[in-house]
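Here is a short briefing on one protein model.

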Amino acid sequence: MSSGGPRLRVLPASAWAATVADELLDRLAAEPRLRVCLPTGDTPVPLYAELAARDAARSPSWAQATVVLLDEWAGLPPGDPARCDVRLRRQLLDQLAPPPRFVPIDVDGSDDEAAARAHDAAARGLDLVVLGLGMNGHVGFNEPGSRPDDPTRLVRLAVSSREAATARYGAALTPTAGITVGLGRILEATEVWLLVTGERKADVLRRALREPEGVDCPASYLRRHPRLTVFADEAAVAGPRRRRPRAPGSAA
Ligand code: PGA
């Protein structure tokens with residue numbers, strides 16, 4: 001398929017999760033052995049809630065599918081509530097019956113490099129990679145400085161990512177490193193979906209789609225992919241609403 005640029009689907013916030021869920025389930029129906037890489041983070045939470053709520057009798061089965069985890073903190077013990085595998089299981093996988101096969105990132109502190117190499121093998125030949133977009137332009141833990149041919153690897157985390165572990169997800173300690181499926185594996189996948197919601201993401205989405213590609217915004221490399229779809233809500237495209245100047249004499 002030749003590239004006409006990313007497919008940008010702009011959806012009302014109220015329809016966003018249901019529309020992305022419909023597309024994913026259509027994909028699963030057409031390809032029951034789908035090998036899909038899934039992220040954690042706040043953006044996919046409504047999507048996962050929607051998928052979990054779909055009537056199992058009428059949804060295509062996940063039984064033959066494989067879910068490969070996108071990224072994981074290094075240094076958080078197995079079972080830590082902030083672990084990406086724990087959150088993806090809780091938000092989605094444990095609610096699918098029958099569940100897909102799950103490939104977490106097997107990092108327990110004993111040999112993080114070996115865990116990254118093993119996951120690099122698991123992340124080859126993906127049919128679909130679903131990504132969130134970080135405020136600093138990262139996808140997965142491919143932080144600024146990442147390159148388009150990077151393999152799955154152990155990386156140092158940006159400060160904003162470290163802080164998310166404790167401030168947002170309640171990690172017992174602040175991780176400084178993580179393992180992420182690399183941009184090289186993402187760009188090798190058959191198809192890539194970028195999920196972007198909320199007005200605070202508008203500026204980074206504009207950078208990712210419109211500014212020259214480069215290491216400052218790793219998501220910009222996704223435009224190299226011939227089958228990139230961006231599922232954005234209206235706020236992520238419109239950006240902050242400008243306040244209307246108050247009419248003279250109107251109440252405060
Ligand atoms: P968010 O994070 O979905 O929680 O906004 C996305 C990311 O940082 O990759």
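**Largest pocket**

The largest pocket holds about 560 Å³ of space. Keep in mind that the model is predicted.

- Helix α5 gives the most, with five residues.
- By class, the lining has 11 nonpolar, 11 polar and seven charged residues.

**Strands β2 and β3**

- Strand β2 (residues 35-38) and β3 run parallel, joined by four bridges.
- In this pairing, C37 stands opposite V68 of β3.
- In a regular strand, side chains alternate between the two faces of the sheet.
- Strand β3 is covered on both faces: T66 and V68 are buried on one side, V67 and L69 on the other.
- T66 belongs to β3, which spans residues 66-69.
- T66 has a relative accessible area of 8%, so it is buried, the cut-off being under 20%.
- Beyond residues up to four places away in sequence, T66 touches L34, R35, V36, R101 and V103.
- T66 and R87 are 21 residues apart in sequence, and their C-alpha atoms are 17 Å apart in space.

- Strand β7 (residues 153-156) has one covered face, made up of R153 and V155.
- Strand β7 is joined to β8 (residues 177-180) by four bridges, and the two run antiparallel.
- Across this pairing, R156 stands opposite A177 in β8.

**W193 in β9**

- W193 is found in strand β9, residues 191-196.
- Buried or exposed, where does W193 fall? W193 counts as buried, because its relative accessibility is 1% and the cut-off is under 20%.
- Neighbours within four places in sequence aside, the contacts of W193 include V20, E23 and L24.
- W193 is also in contact with L128, V129, V130 and L131, and with T229 and F231.
- W193 and P6 are 187 residues apart along the chain, yet their C-alpha atoms are separated by 9.6 Å.

**A cis peptide bond**

- Most peptide bonds are trans.
- The bond that joins A97 and P98 is cis, with omega at about -5°.
- P98 is found in the loop between α3 and β5 (101-103).

**Cysteines**

- A disulfide is a covalent bond between the sulfur atoms of two cysteines.
- How many disulfides does the model have? The count comes to zero.
- C84 is in no disulfide: the nearest cysteine sulfur, that of C37, is 11 Å away, and a disulfide needs sulfur atoms within 2.5 Å.
- C84 counts as buried, at 1% relative accessibility.
- C217 is in no disulfide either, and the nearest cysteine sulfur, that of C37, is 19 Å away.
- C217 counts as buried, at 5% relative accessibility.

How values were computed:
Residues are numbered from 1 along each chain as its sequence is written. This is a predicted model: local features need pLDDT of at least 70, side-chain atom pairs count only at pLDDT 80 or more; totals for chains, interfaces and linings use all residues. Side-chain values use heavy atoms; hydrogens and water are left out. Buried means under 20% relative accessible area, exposed over 50%, partly exposed in between (1.4 Å probe, protein chains only). Two strands pair if DSSP finds at least two bridges between them. Contact means heavy atoms within 4.5 Å. On a 1 Å grid over the protein atoms alone, a cavity is a set of points where a 1.4 Å probe fits but cannot get out, and a pocket is an open set with protein on both sides within 12 Å along at least five of seven lines; lining residues have an atom within 4 Å of a point. Grid points are joined across faces, edges and corners, and a volume is the space filled by probe spheres set on the points. Ala, Val, Leu, Ile, Met, Phe, Trp, Tyr, Cys and Pro count as nonpolar, Asp, Glu, Lys and Arg as charged, and the others, Gly among them, as polar.
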